[in-house]
Amino acid sequence: MKKEDHFSRYSRQIFIEEIGLEGQKKIRSSKVLVIGAGGLGSPVIQYLTAAGIGTLGVIDFDHVEIHNLNRQIIHTENRVGLSKVKSAEIFVEELNHQVKLTGIEERLNENNAEEIISHYDVIVDGSDNFSTRYLVNDTCVKLNKTLVYGSILGFSGQVAVFNRNGSKNLRDLFPEPPFDEDVPDCDSLGVLGALPGIIGSMMALQALKIITDLPVIVNQLTLADTLNWRFQTIDF
């Protein structure tokens with residue numbers, strides 16, 4: 001893309017009074033880490049890439065499988081078997097070559113979490129298990145990183161912003177994680193494909209608001225029941 005086309009590409013964001021040129025510059029200079037390139041990570045990656053994030057980190061150790069494709073919309077049939085990180089790299093390059101994608105083909109664990117997370121301004125957690133969610137939360141608290149949290153199952157989803165300017169975190173809401181084997185997941189109970197699109201888009205929007213210094217409600221969990229089309233918030 002020619003340099004003079006930058007304004008045209010992002011003009012619909014720049015035209016928003018609360019964003020403007022300064023906000024777009026903040027987006028372009030930001031560093032965001034997306035944990036997981038699956039159901040939630042896919043729409044987050046899609047919309048942050050489209051918005052012109054400067055550096056987008058994506059960590060995932062998994063490979064694309066055919067059953068992923070009903071909801072993990074950055075992946076395609078011809079990339080089944082490819083690592084999700086490599087598939088994400090292809091997607092980002094095709095959508096917006098200006099975005100620098102740093103792919104990390106690893107499982108996030110206690111040995112690497114602090115080193116990986118320390119390089120980014122905002123962390124967006126699209127992981128699908130409680131052990132990873134609590135590891136991410138605790139590392140963000142230790143490093144004073146803002147965390148955008150989301151989860152999905154069936155027709156239901158949750159979104160929250162944790163550890164923003166000293167706000168509360170996941171352990172203030174749920175002090176201890178349940179055992180993963182005791183908790184139903186998408187593999188056993190399923191998920192309707194559009195749901196992670198809704199929740200992931202909400203997560204991406206929160207990340208962009210954080211980056212551009214727009215007001216973000218903290219100490220609040222948003223619950224989405226898309227079967228009955230009910231949305232509610234819980235303060236904590």
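Helices here are DSSP runs of H or I with at least four residues, numbered from the N terminus. Keep in mind that this is a predicted model.

**Stop one: Gln24**

Select residues 20-29. This is helix α3, and Gln24 sits in it. Is Gln24 buried or exposed? Its relative accessibility is 3%, so Gln24 counts as buried, the cut-off being under 20%. Next, bring up its partners beyond four places in sequence. Gln24 touches His6, Tyr10, Gln13, Ile14, Ile19 and Ala51.

**Stop two: His63**

Move on to the loop between β2 (55-59) and α5 (84-95), where you will find His63. His63 has 39% relative accessibility, so it counts as partly exposed, a class that lies between 20% and 50%. Which residues does His63 touch, once those up to four places away in sequence are set aside? Select Asn68, Gly81, Leu82, Ser83 and Lys84 to see them.

**Stop three: Gly193**

Go to the loop that links α9 (186-189) and α10 (194-211), and pick Gly193. Gly193 is buried because its relative accessible area, 16%, falls under 20%. Show Asn70 and Arg71 as well: Gly193 is in contact with both, leaving aside neighbours within four places in sequence. The C-alpha atoms of Asn68 and Gly193 are 9.3 Å apart, although the two residues are 125 apart along the chain.

Terms used: Residues are numbered from 1 along each chain as its sequence is written. This is a predicted model: local features need pLDDT of at least 70, side-chain atom pairs count only at pLDDT 80 or more; totals for chains, interfaces and linings use all residues. Side-chain values use heavy atoms; hydrogens and water are left out. Helices (H or I, at least four residues) and strands (E, at least two) are DSSP runs, numbered from the N terminus. Buried means under 20% relative accessible area, exposed over 50%, partly exposed in between (1.4 Å probe, protein chains only). Contact means heavy atoms within 4.5 Å.
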